[in-house]
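The tour starts with the whole chain and ends at a single side chain.

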Amino acid sequence: VWPSVETGIVASRPGTIMASAVFFKCVFKGKGTHGAMPHLGRDPVVAASAAIVALQTLVSRTSSPFDSNVVSVTQFKAGEAFNVIPDETTIGGTMRTMTEKSMHELIEKATEMMQSVGKAYGCEAEVSWMEEDKPITPPVVNSKKAHAFASEVGKILLGNGNVVDTEPSMAAEDFSYYTQMVDGAFIFLGIRNESLGSVWPLHHPKFMADEEVLPIGAAYHTALALAALDGGPSGESAFAKKEKEEL
């Protein structure tokens, strides 16, 4: 389901529709000391803060402006006391790219950057990409054939005006593993309904889905299956005849 698309509309595109994703964590190890005597320690909070600012240049200064990439630091964990500089500070976040090549390049650059910034501030930086627990998710790439098939089925079922093209999203989806093996298409099913308050983005604490979309989604999945078994949605197939009779 997709909260930026109106309820009852399906949206997709041929080619890359969703990004590759990876998660990271970096622990900056310094030397704790009293907050009143910072010269006696090596401050990992300052090192981590500098690294966060530096990481933003990975997209703005090391990536081509025609290559869509995102670097977001979403976690910052340091000490507990107000008057103590801690021994360690941990940051974490996610990176998104539209190609696997760009992802591997960005990982290499980000690792070097965090380690170098840590060293510049007298700290050791331990970088983890957590690939054992959270392996890199490849981009979702819709084949032209599967996208055309899904779009035609959608138009027969929902009408031409309810099947639209959409721009790619930097969100990620492990459906990508399927599209690496076989032709496939990932479709966004709209749930946006302002009168119900179904307007919040994915992962937002106020997210809710317009449940009026449930029968639409079920019918669309069924139609796709019937059309695939029937050899395709075009012409006077059994699927097309059935839809016309019901309409």
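Colour the chain by secondary structure: seven helices and twelve strands make it up. Helices (H or I, at least four residues) and strands (E, at least two) are DSSP runs, numbered from the N terminus. The chain is more spread out than a compact globule, because its radius of gyration is 24 Å, well over the 18 Å that the globule rule gives for 247 residues. That radius is taken over C-alpha atoms, and the rule is 2.2 Å times the number of residues to the power 0.38.

This is a predicted model, in which local features need pLDDT of at least 70 and side-chain atom pairs count only at pLDDT 80 or more, while totals for chains, interfaces and linings use all residues. Residues are numbered from 1 along each chain as its sequence is written, and side-chain values use heavy atoms, leaving out hydrogens and water.

Next, show the C-alpha trace, which spans about 80 × 40 × 30 Å along its principal axes. Of the 247 residues, 40% count as buried (under 20% relative accessible area, 1.4 Å probe, protein chains only).

Now select Ser143, in the loop between β10 (140-142) and α4 (144-158). Is Ser143 buried or exposed? Ser143 is buried, at a relative accessible area of 15%. Display its side chain: it reaches the backbone nitrogen of Ala146 at 3.0 Å.

Terms used
Buried < 20%, exposed > 50% of the residue type's maximum accessible area, 1.4 Å probe, protein only. Polar contact = N/O pair within 3.5 Å; in protein donor to acceptor, adjacent residues only side chain to side chain.
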